Amino acid sequence: MDADRLIASFHRAGQAQVFAFFDQLPAEARRRLLGEAAEIDLAEVERLTRTLLAQNAAEGVNLAGLAPAPYEKRPEHGGDPAAWARAKAVGEEALRAGRVAAFTVAGGQGTRLGFDGPKGTFPVTPLKHKPLFQVFAEKIRAAGTRYGRPLHWFIMTSHSNHAATEAFFAERKFFGLDRGRVHFFRQGRMPAVGFDGRILLESKASIVLSPDGHGGSLRALDRSGSLDLMQREGVGTLSYFQVDNPLVRSIDPAFIGWHVLRQSEMSSKTVTKAYAEEKVGHFCTQDGKTVVVEYSDLPMAMQREKDASGQLRYIAGSIAIHLLDREFVRRMARSTSSGQARSTGSAQGGSTDSGFVAALPFHRADKKIPTIDAAGAPVTPEKPNGVKFEMFVFDALRFARNPVVIETLRADDFSPVKNADGVDSPKTCREDQLRQFARWLRAGGAAVETDATGLPGATIEVSPRFGYDEDSFADAWKKLSPKPAVVDGLYLE
């Protein structure tokens, strides 16, 4: 669309303020503003204004008929060992056939960690201080070697960190991966609006734009051509994980097997909540559908409910690890992009219009948004003055056929780096990695001194190239002769 037509479309949509200062801008600033405006789907903005802005932000979510969701328990917690063994075998078959790819959501910056750069470049391992991206790259490379088929890796960046992420990989020669199998694409953005639905300007030459949430990854996969690439390569399943969790089993054959055996369109991992108030989402059922209810939306009284055995009733915590069927992603992406949403009574109910096909909903977040006034002067609000829109990937569960939730062990799969200190910090993550390495070594017969929590006294590290899960580590350890002593500085590669 040329500049005149684009500007005219904003006038027709009642959003003329976006170009109020256009004539005052130099040529480069005009081009930048036109580029930002071209990203905006005005029909989508109108629909969200008509639906989400009409809602009372304090109403909360619909919890009618909510119940804890069933999940497949680990064998050590009463699950069927034969079923888990069968799932693992089926998952390994899918990996050997090249039907699985990895997908990392990596749009964040390291700001909360006091780190200047994309979060994926943050150093995280206890001995070698490898960055998050390197940990995942080595796991993916090792899995490809183990199953005889190198994997594709899709990485969703953001506008703020895309160039830096690509440069980081290039500088480090893609950590030994085939560059043709590593695919970067940007997350979509949404404009912020005032409570009157008018798009807010950050300056005379720029719109307030923010990422459209991790749920936006589905349509970003479609828009980037990644789904078509997957189809050409015979890849049907995406292993989804977030960039802040180095402990994740990014390629987990048992998980893949459950997904395949159940013919699931979307599968998820759960961990047992550590305590009632833990800040994780909750897997629930509602109207016969699987949903995730965020901790902030589930009343504390429900979070503290106990069952007859004295265990927490809402105990299945969501840790943002999923498997996604390629064509399910395509279906969700295109229905969401076309604005076709249908009211579902969801516990996570976002923007919905009755009479249309189901789609991933948007959610509103009321924010204090720096902007400019009609005269172009800066405005720094003291209270929320507008709304940002975002989507959550777990909302797709409600629309998936045959969704399956499996239990995983926190110690094997979940130790995110979110905060500079305290819970979920670099320190707690390093310690959890050390505990994992110590468990693997002790299972192999090595003498490892640990404290009561399993934390070894020695700082050690196992490269994913040596072993990226308990099975691959055990196989590599058996081949070592003589076996090294577990001392401070031990690095297995």
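**Close-up 1. Q263, an exposed residue in a loop.** At a relative accessibility of 64%, Q263 counts as exposed, a class that requires over 50% relative accessible area with a 1.4 Å probe and protein chains only, whereas buried means under 20% and partly exposed lies in between. Q263 sits in the loop between α9 (253-261) and β11 (266-272), and its phi is near 50 degrees, a positive value in a residue other than glycine. Helices (H or I, at least four residues) and strands (E, at least two) are DSSP runs numbered from the N terminus. The model is predicted, so that local features need pLDDT of at least 70 and side-chain atom pairs count only at pLDDT 80 or more, while totals for chains, interfaces and linings use all residues. Residues are numbered from 1 along each chain as its sequence is written, and side-chain values use heavy atoms, with hydrogens and water left out.

**Close-up 2. D424, a partly exposed residue with positive phi.** D424, in the loop between α12 (410-413) and α13 (426-443), has a phi near 55 degrees, again a positive value in a residue other than glycine. Its relative accessible area is 24%, and D424 is therefore partly exposed.

Close-up 3. The bond from S481 to P482 is cis, with omega near 0 degrees, and P482 belongs to the loop between α14 (470-479) and β21 (491-492). Most residues other than glycine have a negative phi, and most peptide bonds are trans.
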